[in-house]
Amino acid sequence: MAATPQNPAAAAPRRKVSRHRGEGQWAAGHHTPLNGNEQFKKDDDGLNVRTRIETIYSKRGFDSIDPNDLRGRMRWWGLYTQRKPGIDGGKTAILEPEELDDKYFMLRVRIDGGRLTTQQLRVIGEISEEFARGSADVTDRQNIQLHWIRIEDVPEIWNRLEAVGLSTTEACGDCPRVVIGSPVAGIAEDEIIDGSWAIDEIHERYIGSKEFSNLPRKFKTAISGSPLLDVVHEINDIAFVGVEHPEHGPGFDLWVGGGLSTNPKLGVRLGAWVPLEDVPEVWAGVVGIFRDWGYRRLRTRARLKFLVADWGPEKFRQVLEDDYLKRKLVDGPAPAEPSGRWRDHVGVHRQKDGLFYVGFAPRVGRVDGATLTKIAEVAEAHGSGRVRTTVEQKMIILDVEEAQVEPLVEALEALDLTAKPSPFRRGTMACTGIEYCKLAIVETKQRGSTLIDELERRIPEFDEPLTININGCPNACARIQVADIGLKGQLVLDDKGEQVEGYQVHLGGALGLEAGFGRKVRGLKVTAEELPDYVERVLKRFQAEREDGERFAAWASRASEEALS
């Protein structure tokens with residue numbers, strides 16, 4: 001039909017009308033599984049896989065495991081298949097999952113608040129020695145990870161852990177992960193409020209409950225009343241940060257929507273003050289919003305940070321109050337800037353009861369089962385029965401008499417666990433890397449350890465706080481975007497044009513003081529071999545150009561690209 005003044009639409013092509021599929025939000029009626037992960041969660045709750053592990057898989061062996069259990073539901077019990085040895089980083093994104101899978105597992109021991117007794121630590125060490133080839137890593141979420149675990153041994157490992165009050169329940173998976181907390185909660189002299197009770201209540205009421213065992217993605221929680229802001233609250237799905245309300249006294253400032261990976265976002269304040277006794281209820285309200293309104297259609301948009309970004313803090317708070325809590329929250333103040341230059345509790349510190357705690361630094365979180373057992377023995381020999389892990393891959397021994405402090409420090413030094421580390425030993429962390437991780441592209445742990453040694457040798461006078469975070473892939477488990485020097489593993493070309501392991505460099509990220517993501521200099525990548533030379537060069541330029549009192553992150557944000565290259 002020709003176009004006429006009476007019929008102008010005839011000239012335009014007819015557009016196809018498509019129905020919007022939505023974001024996969026349950027509360028909007030989008031219950032149809034929209035990807036493979038949503039389908040296997042609908043088919044069977046992840047928590048149910050434990051029975052099959054105990055009654056079938058541990059008896060019939062690795063080859064009997066259903067693929068949806070193997071690469072899906074078993075995560076709800078802290079189990080990931082580890083990378084098959086000998087597969088280089090160039091094949092990470094090419095091979096199918098079954099080609100990358102080894103017949104061994106990484107097992108994550110959940111340690112809420114980083115709190116351990118020496119008996120619990122000893123049991124983890126013994127399990128490492130007996131079942132995990134001695135492997136053990138302290139993570140930046142206060143857990144301990146073991147490797148080389150056989151499915152046949154998992155029930156016995158669970159029995160031993162649970163006998164001393166530990167578990168692997170929901171240590172991984174689309175569920176509430178470990179609740180990180182101040183490692184000196186209840187003992188620090190300067191603490192605003194002790195959040196330990198809330199951590200325990202959340203664990204008792206909700207962990208292992210099917211109320212929240214099917215979330216769109218993982219959910220990360222931080223609770224701390226320390227003025228050091230010691231739980232990286234800005235990059236958690238929910239965080240409760242200790243503050244003093246001018247009318248109501250000590251409580252917590254509520255943050256939501258933080259997270260890193262390939263789309264990093266800093267958490268936002270809701271402007272609400274939460275008393276200690278209300279923390280579990282408010283936590284459950286936020287998790288409920290995530291369960292009901294979180295985006296399930298695309299895995300890449302399934303974290304809470306995307307919903308918070310789309311709604312904004314005002315709408316999020318309103319929905320929380322009106323639909324989940326059924327009451328208004330009290331407005332409250334923002335937390336003050338961190339009270340110290342370091343937030344890792346390394347060194348010797350007085351407790352509020354007059355005893356001391358001693359924080360020490362393993363190399364990039366890498367320890368082993370024998371060392372964990374020795375740490376427990378050393379702690380007990382010097383009067384302590386309590387140990388803590390931190391979010392910086394460090395450890396702390398509590399409750400030490402003053403006369404025992406120096407002997408304890410010397411005993412730790414003998415284990416290469418220094419309480420007086422260089423800034424490089426203190427500030428360098430690394431993810432698991434290609435040694436075990438199926439997502440990794442490059443090696444990380446050994447690279448970080450070697451870098452520490454080189455920088456201590458080359459710049460022994462350097463004494464500024466500095467974070468160097470090394471990640472084996474883009475997923476940012478080691479928080480590369482918020483480090484002074486963040487190193488994202490990838491394959492790069494060397495001066496011969498050959499593809500080798502290397503890193504994209506992020507510079508000047510920070511949390512706490514002026515939180516923000518590091519800058520990327522165009523084309524700035526370094527090979528693994530060049531890494532010590534590059535870091536030395538940049539740090540010497542910082543030393544030469546910095547203004548009085550200027551920290552590395554501030555200098556890096558203003559420095560020329562030439563100075564950072």
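Visitor: What is Asp 495, buried or exposed?
Guide: The relative accessible area of Asp 495 is 74%. Buried is under 20%, exposed is over 50%, and partly exposed is in between (1.4 Å probe, protein chains only). Asp 495 is therefore exposed.

Visitor: What kind of model is this?
Guide: Residues are numbered from 1 along each chain as its sequence is written, and side-chain values use heavy atoms, with hydrogens and water left out. Local features need pLDDT of at least 70 and side-chain atom pairs count only at pLDDT 80 or more, while totals for chains, interfaces and linings use all residues, since this is a predicted model.

Visitor: Where is Asp 495 found?
Guide: Strands (E, at least two residues) and helices (H or I, at least four) are DSSP runs, numbered from the N terminus. Strand β19 covers 485-493 and β20 covers 499-507. Asp 495 is in the loop between β19 and β20.

Visitor: How many salt bridges does the whole structure hold, by the search?
Guide: One of them joins Asp 310 and Arg 301, with 3.0 Å between the closest N and O atoms. Asp 310 is partly exposed at 47%, and Arg 301 is partly exposed at 23%. A search of the whole structure gives a total of 50.

Visitor: How many residues apart are Arg 363 and Asp 453?
Guide: The two form a salt bridge, their closest N and O atoms being 2.9 Å apart. Arg 363 lies in the loop between β13 and β14 (366-368), and Asp 453 lies in helix α14 (residues 445-458), so the pair links distant parts of the chain, with a separation along it of 90 residues.

Visitor: Which residues are linked in a network of salt bridges with Arg 457?
Guide: Arg 457 is exposed at 56% and forms a salt bridge with Glu 454 (2.8 Å, N to O). Both lie in helix α14, three residues apart, which is about one turn of the helix. The network links Arg 457 with Glu 454, Arg 458, Asp 533, Glu 536 and Lys 540.

Visitor: Why is strand β10 largely enclosed by the rest of the structure?
Guide: Strands pair if DSSP finds at least two bridges between them. Antiparallel to β10 run β9 (residues 249-256), with four bridges, and β11 (residues 330-331), with two. Trp 255 stands opposite Arg 269, and Ala 272 has Asp 331 as its bridge partner. Strand β10 (residues 268-274) is largely enclosed because, of its seven residues, the number buried is five.

Visitor: Which residue takes a positive phi in the hairpin of β12 and β13?
Guide: Strands β12 (residues 347-350) and β13 (residues 356-360) run antiparallel and are joined by four bridges. His 349 stands opposite Tyr 357 in β13. Five residues lie between the strands, and the one with a positive phi, near 95°, is Gly 354.

Visitor: What separates the C-alpha atoms of Val 231 and Ile 180?
Guide: Val 231 lies in the loop between β7 (219-224) and β8 (238-245) and is buried, at 2%. Val 231 and Ile 180 are 51 residues apart along the chain, yet their C-alpha atoms are separated by 6.8 Å.

Technical notes: Salt bridge = Lys/Arg side-chain N within 4 Å of Asp/Glu carboxyl O.
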